[in-house]
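I opened this model to look at a few residues and at how the chains meet. The entries below follow the order in which I looked things up.

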Amino acid sequence: MAFLGRRLLHSLFVLWAVVTILFLMFRLMPGNPLAAYINETMTEDQQEAMLRQFGLDRPLWEQYLIYIGNLLSGELGLSFHQRKPVWDILMAAFPNSIVLTVTGLSLAYVFGVVVGAFLAWKRGTWIEGIGVPLVLTTRAAPEFWVGMLLLAVFSFGLGWFPAGGANSAGAFYDSELERFLSLDFLRHLTLPALTLALYLQGLPLLLMRSTMLEVMHEDFVTMARMKGLSEWRIVIRHAARNALLPVVTAFALGLGLAMGGNVVVETVFSWPGLGRLLVGAVSSSDYPLAQGAFLLISGVFVVMNLVADLAYTALDPRVSHDRVK
Amino acid sequence: MTASSEPGAFLPKAERRGLGRILADVLAKPARDPFALAGLSIYLVFVLVALFADQFATHDPLQILFQPNGRLARNLPPGETYWLGTTHSGRDIYSQLVYGARAALIVGVTAAMVVVAIGTLIGLLSGYFGGWVDAVLMRVADTALSIPFLPFVIVLTAFLKPSVWNVVLAVAILLWPNTARVIRSQVLTIRERGYVEAARVTGAGHGRILFVHVAPNILPLSFLYGSIAIGWAILTEAAVSFLGFGDPRTVSWGYMLQDAFTSQALSRGSWHWFVPPGLCIVVVVVAGFFLTRGYEEVLFPKLRD
């Protein structure tokens, strides 16, 4: 319980730090400090409203309090270019990002766990000798380049998949769920999800392999050997099940990581998610939107780190955080 | 002042794993491990090409080229004059590739040096002094690790002018905690060793103990983490340039890929344009992985199972 409290406090602290760093970055920016919320193309009335809402005419510390207050009530300002509340724009993109990330991560995990266990089983053979360097090579490949190759082969070359976006133009659906389950959406999802999966599979794979190697030396595996069980049965029933624990808890960690990492994947495939929103907002100096997108991505990242830590402690009684520190 | 009059200087060195021993291991390693050998060879070629880029290149990487008949030399396939063909705006791809090595080397090495310097110093102070110094520094490290990496780099470039140094800065800000944590835990064990205790007893000050007795033992570890940072820096630079936030005057591999992507090289099937820069990134980064993987075993013999 003490650990839970401390861990929650830490997450809150990190969120506060991110928010504060952002606040300072936007205020200390060279040029007009109002540029973070107001640009010339807004009408006189809009500018006036923004000034009051964000207290931009007050001293810095008062601005800071107002800023925190606005954040707590979900008020992120208006996008410069889309002229809509930032919150609404973010919420429209968020599901797309989540679907892409969860799909990519799931593929990565299924592949990583199976291949990782297999490589651990084949320890010392030529398969391991080739497999591990091969995995390292996929980790060294820039995601966006892998995405470009997939696009060149399967989209432009063979024409099997669309070149970008999440839905064909003109497609209309009654609900979000119906959209996600449509064949058109899945066809758009395939290449970006594969790219993301290829980028993410290294972590679960190497983790699975090393925990498998540890587990294979434990008493209950030796016991199973002595009982004369088949090697296959030992690997699947006894070793793999126990090795899965840290790998499963790293899933949440991977989700957070992927939310940051799929910025480039979303850009390559013009996937209408948070990452692409962030890139677009930054390159067009749409500060309120950029700030909002970064905050949301950071929020997911921090929460997922928290979930990973808690899950690890909850699932493995051997881990005691109160003793380590 | 002679060496023997310094406090702690008479202590036997046998307890330390001498730098000389480690150096000998480091040099002998590639001979036994084919992957380390491959990594080392790739690094050598990479550094040579980067240093002598102007010798290797056949054209100015940013010059817009014209054919003898006066037409713009755009989208040409690989040939005798332009070994890897030309870009959409008529620039020589091979020469860009060669200069890209230089950009990658500069970003990689500077970022690695900054990461090593900050990470080692923080790790040393945190591990050696403990107490509130440790608590504060490690909290800062935890916080830095809890910020999503690439989005942060992107937001940072929104405020600073696009340049290679943003990448170095961002990589340094976000990667030092990893190094610092490992160095710290290593310092915690070294701090308790006999020779450090002896130096303290003979009256050596904190500065002397830290930099003469503790630091040399963790330097190899710092270098290991530094070489991992090289790969990260190159990958980050590529991603940032690809997203269009790189330095427009520096020809890097990420810049080339962005140029190819936005000029429809994919739909035109200009494989000779968008495959080589990516391959170069993969080869250089993986060479770093192979090298560090091999050296982890040299530096921490216990890891071998």
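**Entry 1: a leucine in chain A**

I started at A:L206, which touches A:V135 and A:R139 when residues up to four places away in sequence are not counted; contact means heavy atoms within 4.5 Å. I note here that this is a predicted model, in which local features need pLDDT of at least 70 and side-chain atom pairs count only at pLDDT 80 or more, while totals for chains, interfaces and linings use all residues. Residues are numbered from 1 along each chain as its sequence is written, chains are lettered from A and ligands numbered from 1 in the order in which they are written, and side-chain values use heavy atoms, with hydrogens and water left out.

I find A:L206 in helix α9 (residues 202-215) of chain A; helices here are DSSP runs (H or I, at least four residues), numbered from the N terminus. Its relative accessible area is 24%, so I list A:L206 as partly exposed. On this scale buried means under 20%, exposed over 50%, and partly exposed in between, with a 1.4 Å probe and protein chains only. I also looked up A:V248, 42 residues from A:L206 along the chain, and the two C-alpha atoms are separated by 13 Å.

**Entry 2: where the chains meet**

I then turned to the interface, where 45 residues of chain A are in contact with 39 residues of chain B. The buried area between chain A and chain B is about 3800 Å², and carbon and sulfur atoms give 84% of that; this is the accessible area (1.4 Å probe) that two parts lose on being put together, summed over both. In chain A, the residues that lose the most area to chain B are A:F144, A:W145 and A:M148, together 16% of what that side buries.

I count zero salt bridges between chain A and chain B (a side-chain nitrogen of Lys or Arg within 4 Å of a carboxyl oxygen of Asp or Glu). On the side of chain A that touches chain B, α1(A) gives the most, with nine residues. The residues of that side divide into 34 nonpolar, eight polar and three charged.

One residue of α1 that I checked is A:H10. Is A:H10 buried or exposed? A:H10 counts as buried, at 12% relative accessibility. Leaving aside neighbours within four places in sequence, I see A:H10 in contact with B:R139, B:D142, B:T143 and B:S146.

**Entry 3: rings**

I get twelve aromatic pairs over all chains. Rings of Phe, Tyr and Trp (its six-membered ring) pair if their centres lie within 6.5 Å; planes under 30 degrees apart count as stacked, over 60 as edge-to-face and the rest as tilted.

A:F13 and A:W16 form a tilted pair, 5.8 Å centre to centre with 35° between the planes. These residues are separated by about one helical turn because they are three residues apart in helix α1 of chain A. I list A:F13 as partly exposed at 33%, and A:W16 as partly exposed at 44%.

A:F294 and B:F152 are also tilted, at 6.4 Å centre to centre and 50° between the planes. This pair joins two chains, because A:F294 lies in helix α13 of chain A and B:F152 in helix α6 (residues 149-159) of chain B. Both A:F294 and B:F152 are buried.

Conventions. Ala, Val, Leu, Ile, Met, Phe, Trp, Tyr, Cys and Pro count as nonpolar, Asp, Glu, Lys and Arg as charged, and the others, Gly among them, as polar.
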